[in-house]
2 protein chains.
Amino acid sequence: MNKQKATISLGLLGLGTVGSGTLELIRRNGADITRKTGVKIHTTGALVRTLDKQRPISADNDLKLTTNADDILNDPNIDIIVELIGGINPAKEYITRALQNGKHVVTANKDLLAQHGYELFNIAKENNRSIYYEASVGGGIPLIRPLKNCLAANKIENLMGIINGTTNYILTQMTKYEKEFAVALKEAQEAGFAEADPSSDLEGRDAAYKLSILASLAFNSRVDINDVHTESIKGISVRDIMYAKQLNFVIKLLAIGEETENGLALRVHPTLVPNNHPLASVQNEFNALFLTGDAVGEVMFYGKGAGSFPTASAVVADIMEAVRKISGQVQNGNIETTFDTKPIISMEEQTSRFYLRLKANDQSGVFGRVATALGDENVSLDMILQNQRSDGRAEIVLITHDTKEENFYRALDKIKSLDSISTINNVIRVLERGN
Amino acid sequence: MNKQKATISLGLLGLGTVGSGTLELIRRNGADITRKTGVKIHTTGALVRTLDKQRPISADNDLKLTTNADDILNDPNIDIIVELIGGINPAKEYITRALQNGKHVVTANKDLLAQHGYELFNIAKENNRSIYYEASVGGGIPLIRPLKNCLAANKIENLMGIINGTTNYILTQMTKYEKEFAVALKEAQEAGFAEADPSSDLEGRDAAYKLSILASLAFNSRVDINDVHTESIKGISVRDIMYAKQLNFVIKLLAIGEETENGLALRVHPTLVPNNHPLASVQNEFNALFLTGDAVGEVMFYGKGAGSFPTASAVVADIMEAVRKISGQVQNGNIETTFDTKPIISMEEQTSRFYLRLKANDQSGVFGRVATALGDENVSLDMILQNQRSDGRAEIVLITHDTKEENFYRALDKIKSLDSISTINNVIRVLERGN
């Protein structure tokens, strides 16, 4: 154990949005942070891409900017590395070298942790150092530590998260102002809530990375990113949103993890969420994680999942945790909880409720034929809507009870082949209605 | 530091609802708990009131029941005491003796912590032992640890909680089914959501105890229970709830803490909460804490605030934390965050929005006179309703903008003295409408 130090030194890798927020937050609340940790935190150096960029924080002469990672990674005075450059390379190499050089690591890098987390955690263990990653999921919302500690006595049965701000912003705008997807996307890009290349967000990959981190903690099991089934929100139209509204649902991109007798079910897809569910009121760029533990019952964590200061809030909390560890107040900050490798349930074997919107050529007997196709696969119906039409044809909206995915899709194939059906407009999963 | 032990022994004080839940949870999830902590947790003994009561847990021969606290407190094999008897005496003496005998303490006792917390934390410090109290507020919802750790980099600006399940259940039933208070209370008692003597819940004292614990952590300052202004929900009628609904509000008992330039403002009172606020959808026995940090922004924690297993979830998480400390994984579980004694702002100096319901004898010119009385005290109006009447007189509902409490009450005195006003039916504070 190290001796108590009066000052602990940070090295930042990356000085973008979150890096600047981290610096600013340590400065602004530095006095209280020192009182809480018992030591002064000093940011010694920061790795940047170019030195000649105008920066709001350049006023501080204390902070050495460098374009050479070695200046940070090899500096023996630096105790903690804060990795905020993102991506796999060179972040992975930097974190590895930092751990090998005896530094603790704080990171917000979900892609890296989801893909190479176990390797890096092992390197940390070998070097008796810790990796802190509260900021990797849900920005400033406390999620990682609650899962590791506060809810540790529970067997987590399932978790459902709105953990991608971009898609939630777009879906909220579509719902509120009846805008079509393309319009809402464009406006989200202009408002800074969607990137120029938004595909990782829209397709659910970003949420899948985060889900794999959360699920590995919640279910104490290794989760590979490829174990997560993902679906895009691109196919959602205002028409679906309006039908959902009529049936008292709102459409959200949910990341869902469940532990069943047969293993883990992991998926990210657009979902009809009942209006009375706490997740239904999570709007715009806000995130939320809703989970069920066998003891605690239903719990939800809500807040901003991204942004400079919300993310810095988690980064600095992690820095403080690392500081406490270095100064001897905490000896093992990283609690090992991923001791299993549980089987993964394929999507076909999972159960869901389904929303199905389709167009019929003619009305007579079409219900019967659709219902028969579903019934033949043991899919039963919960709700039926037919009160809206377009271009002279009847539009039908159905919501099924819980059914195995493969049964529903077999029935859907039959429905597609019916003469009386002209188009299958959309298929969206539906969350079970709460009490 | 103690050496790693293969088994750590618990002594329970109290084997009621939460005690039984705690035992059951440790048994049910014992294998995973052992994997997470690295040691086996064994419940050695439990203090009970009487030995001849039928208990579901008596099947376990391992657990020694006793009516003599000394058997637990003086047992050198017991490492952790779990205090679940509640109240001040003899819980305070037991906890003191346990700490002095070198045992760590886990407690769910909010009354004791709110009134004697500092004294007990000091005794813990002197004896190099810790008190864990996640279960004292919000049942199983992680609140204490997130405030101490996850949000530690933030200056918390304000917090608002629905932290009393009984009153939230009653208000929800009144809102949903338009039941009057007395009816809803009686049904809550029958359903087990209100005690035979519900006064501590109804008057806001229970919430005030919890608020004082949360506020001391959030604002890093000592808070005395007498610093918290409390008001009862008894005066709320279905009529108020219906008017609130018409104006897009729902009435909740909120515990509110704010840090301003002049100090801390602390209060518990019924409040009109805008429908679009995340707290508005917290129903029945559920609790939630909504807070704003200078970095993280708005965050909310939601779940069941009471009950056997939800509370046991927090108790066992604390036990696991204590176990980690004993087995040398964590050296200082209790982080000192209450380093200030900030001034308290009197209720008169605080600002609020107000809902005012009153009955006018005649309609002509009454608005003008009421508005003048308010305007003279610089209280401006946001909303006015007059579309409902009873017994021939006009009923008027007003909602003001933010105003100092003392200004509003001075204006109210003037309004009371107006000839044209027959009754002031109710005055309820109103939460600022969000975006």
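How many helices and strands does the secondary structure of chain A come to? The secondary structure of chain A comes to 14 helices and 18 strands, where helices (H or I, at least four residues) and strands (E, at least two) are DSSP runs numbered from the N terminus. The model is predicted: local features need pLDDT of at least 70 and side-chain atom pairs count only at pLDDT 80 or more, while totals for chains, interfaces and linings use all residues. Residues are numbered from 1 along each chain as its sequence is written, and chains are lettered from A and ligands numbered from 1 in the order in which they are written.

**View 1. Overall dimensions of chain A.** The C-alpha atoms of chain A fill a box of roughly 80 × 45 × 35 Å along the principal axes. Of the 435 residues, 53% are buried (20 or more other C-beta atoms within 10 Å of the residue's own, with C-beta atoms placed from the backbone; 12 or fewer is exposed, and in between is partly exposed).

**View 2. Strand β4 of chain A and its partners.** Strand β4(A) (residues 80-83) is covered on both faces: A:Ile80 and A:Val82 are buried on one side, A:Ile81 and A:Glu83 on the other. In a regular strand the side chains alternate between the two faces of the sheet. Four bridges join β4(A) in the parallel sense to strand β1(A) (residues 7-13), and four join β4(A), also parallel, to strand β5(A) (residues 104-107); pairing requires at least two DSSP bridges. A:Ile80 stands opposite A:Leu10 and has A:His104 as its bridge partner in β5(A).

View 3. β4(A), helix α4(A) (residues 91-100) and β5(A) make a right-handed β-α-β unit (with the strands pointing away from the viewer, the path from the first strand over the helix to the second runs clockwise).

**View 4. Helix α10 of chain B.** Just after the helix, B:Asn220 takes a positive phi of about 50°.
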